[in-house]
2 protein chains.
Amino acid sequence: MASEAAALLVDDFDSRGPIARPTLHDAIVARVRDMIIEGELAPGTRLHEGNLGKMLGVSRTPLREALKFLVSEGLLELSPGRGAVVRQFSAKDVHDSLIVLGNLEGLAGRLACEHATDAEIREVRRLHDRMMDMYEKRDRLPYFKLNQSIHSAILRLSKNEALVSVHNVLQARLKRIRYIGNEGPEKWAGAVADHEEMINALEARDADRLSKVLTDHMAETWERVRNAI
Amino acid sequence: MASEAAALLVDDFDSRGPIARPTLHDAIVARVRDMIIEGELAPGTRLHEGNLGKMLGVSRTPLREALKFLVSEGLLELSPGRGAVVRQFSAKDVHDSLIVLGNLEGLAGRLACEHATDAEIREVRRLHDRMMDMYEKRDRLPYFKLNQSIHSAILRLSKNEALVSVHNVLQARLKRIRYIGNEGPEKWAGAVADHEEMINALEARDADRLSKVLTDHMAETWERVRNAI
DNA sequence: CACAAGTATTCTGCATACAGAATTTTGTTT
DNA sequence: AAACAAAATTCTGTATGCAGAATACTTGTG
């Protein structure tokens with residue numbers, strides 16, 4: 001039973017090495033998180049433990065544990081006596097989060113200039129160039145994904161676990177909104193210009209410049225996204 | 001049964017108004033969090049669901065849900081097949097977290113200068129003066145608590161929910177360490193001087209100055225705490 | 001026909017039961 | 001006495017059962 005249920009969710013995994021193998025808990029969390037981010041579970045939706053559990057092929061117990069986890073991440077809200085609800089973010093919530101994200105990315109950029117190796121920076125450059133290719137072709141989805149990768153990479157290069165972790169939490173809350181909020185051509189061009197400056201600043205290890213670009217870039221993200229809320 | 005268990009943990013609560021009344025879940029989370037922060041559950045301790053549950057007067061189901069919540073907060077780690085363990089923070093973890101906290105408080109100060117009302121700033125001044133009284137008397141515990149209140153107040157005055165929430169998470173992770181890490185007289189004096197500058201900058205609504213003091217103050221916190229790890 | 005009260009149903013929150021993994025204890029051999 | 005193997009025990013992970021709250025439905029009344 002346990003293994004049957006797990007089979008539906010947990011990918012096969014050859015367990016060499018001491019790496020923690022994915023648990024059912026992790027799989028449920030990841031799955032429900034994706035359902036929220038991709039809009040399958042719209043904000044305000046009340047999560048029905050019975051149905052959702054049947055849908056995922058797990059019983060209520062591990063599902064409820066996963067939901068509590070997502071409550072702590074801020075993706076769900078708990079309404080006592082009536083279970084979990086997909087959290088609604090107001091325009092102010094989004095704006096506030098973007099301000100914090102901008103600040104965190106600014107800090108990450110600063111630290112990355114200090115701690116990244118040359119090889120790591122070259123790797124970001126490769127991501128950047130591939131992203132620019134996609135921009136030339138106006139191929140939105142791969143552009144979007146590479147864009148995300150570049151930001152994640154800069155976070156990772158800060159070599160600051162705590163920073164990565166809080167950034168991820170905030171990022172996850174907004175992912176859905178940023179996913180819908182697709183800018184027009186003019187704004188897209190602006191974003192691309194920002195990215196040119198980012199990679200240049202990183203290669204020059206100019207912490208102040210990189211930090212500023214990243215923070216400002218996030219402020220512009222608000223402009224791109226605000227009317228999509 | 002449910003109500004009996006709840007009685008052990010959940011304070012009595014007259015339920016007028018639409019304020020969410022504390023649930024057993026919240027009570028367990030708060031209780032275990034406190035046990036970790038106060039060192040009753042030392043880092044590395046493996047949490048025994050049976051014992052801990054009996055101790056708190058709740059069954060394993062809601063306890064496990066609470067533990068998952070605390071895992072997401074970063075206070076516990078999950079070791080598949082062997083339950084939850086109180087997370088150990090390395091010196092680097094603490095340092096990294098303090099850097100992020102410093103940045104967040106800096107941002108909070110900047111925003112507080114913008115958004116706080118005069119009355120709110122006067123309220124912080126009152127906290128500050130009371131704290132200085134406690135410093136004169138060298139009364140450490142109330143000093144410590146007032147100190148925390150001032151920092152929380154500045155966060156709150158930023159009027160940025162997302163900022164408050166990520167700050168709280170990081171703060172909780174370090175609370176235990178900061179609680180032990182009691183500085184000597186020289187460093188204490190330095191911290192007090194920082195606080196003088198903070199309140200002055202806030203009253204002058206000098207965002208740059210307040211932001212800088214807060215960030216630097218956190219860097220000094222590292223010096224005060226580093227040998228306690 | 002609208003609406004309120006009472007009833008039936010559904011759903012959450014918690015407790016318990018059970019299987020299998022992890023750990024400890026015990027026994028045996030060298 | 002040390003080291004290994006096997007058995008017994010404990011503990012986690014999951015499923016299920018049950019009580020009470022929340023919701024939907026039904027029926028009676030103005």
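Analyst: Before the first question, one term is needed: axes are lines fitted to C-alpha atoms, for helices over the stretch in contact, and angles run from 0 to 180 degrees between N-to-C directions. Helices (H or I, at least four residues) and strands (E, at least two) are DSSP runs, numbered from the N terminus. This is a predicted model, in which local features need pLDDT of at least 70, side-chain atom pairs count only at pLDDT 80 or more, and totals for chains, interfaces and linings use all residues. Residues are numbered from 1 along each chain as its sequence is written, while chains are lettered from A and ligands numbered from 1 in the order in which they are written.

User: At roughly what angle do the axes of helix 2 and helix 4 of chain A cross?

Analyst: Helix 2 of chain A covers residues 24-37 and helix 4 of chain A covers residues 60-73. Their axes come within 9 Å, and the crossing angle is roughly 60 degrees.

User: Is helix 2 of chain A parallel or oblique to helix 4 of chain A?

Analyst: Angles under 35 degrees count as roughly parallel, over 145 as roughly antiparallel, 65 to 115 as roughly perpendicular and the rest as oblique. The crossing at roughly 60 degrees therefore makes helix 2 of chain A, relative to helix 4 of chain A, oblique.

User: Is the crossing of helix 2 and helix 4 of chain A left-handed or right-handed?

Analyst: A crossing is left-handed if the near helix is turned anticlockwise from the far one by less than a right angle, and right-handed if clockwise. For helix 2 and helix 4 of chain A, the crossing is right-handed.

User: How many nonpolar residues does the contact of helix 2 with helix 4 of chain A have?

Analyst: Two residues are in contact if their C-beta atoms, placed from the backbone, lie within 7 Å. Among those that meet here are Ile28(A) and Val32(A) from helix 2, and Leu63(A) and Phe69(A) from helix 4. Ala, Val, Leu, Ile, Met, Phe, Trp, Tyr, Cys and Pro count as nonpolar, Asp, Glu, Lys and Arg as charged, and the others, Gly among them, as polar. Beside 1 polar and 2 charged residues, the number of nonpolar residues in this contact is 9.

User: Which helix supplies the largest share of the surface near DNA strand D?

Analyst: A residue is near a strand if its C-beta atom, placed from the backbone, lies within 6 Å of it. DNA strand D is surrounded by 21 residues, and the closest include Leu24(A), Ser59(A) and Gly83(B). The largest share of this surface, 3 residues, comes from helix 4 of chain A.

User: How many polar residues does the surface near DNA strand C have?

Analyst: Around DNA strand C there are 21 residues, with Gly83(A) and Leu24(B) among the closest. Helix 4 of chain B gives the largest share of this surface, 3 residues. By class, there are 7 nonpolar and 4 charged residues, and the count of polar residues is 10.

User: Which helix of chain B gives the most to the side that touches chain A?

Analyst: The contact takes 28 residues from each of chain B and chain A. Helix 4, helix 5 (91-115) and helix 8 (161-180) of chain B each give two or more residues to that side of chain B. The most, 8 residues, come from helix 4 of chain B.

User: How many residues of domain 2 of chain A are in contact with domain 1?

Analyst: Domain bounds come from an automatic or database domain assignment, which for chain A gives domain 1 (2-86) and domain 2 (91-228). Domain 1 contributes 7 residues to the contact, and the number from domain 2 is 6.
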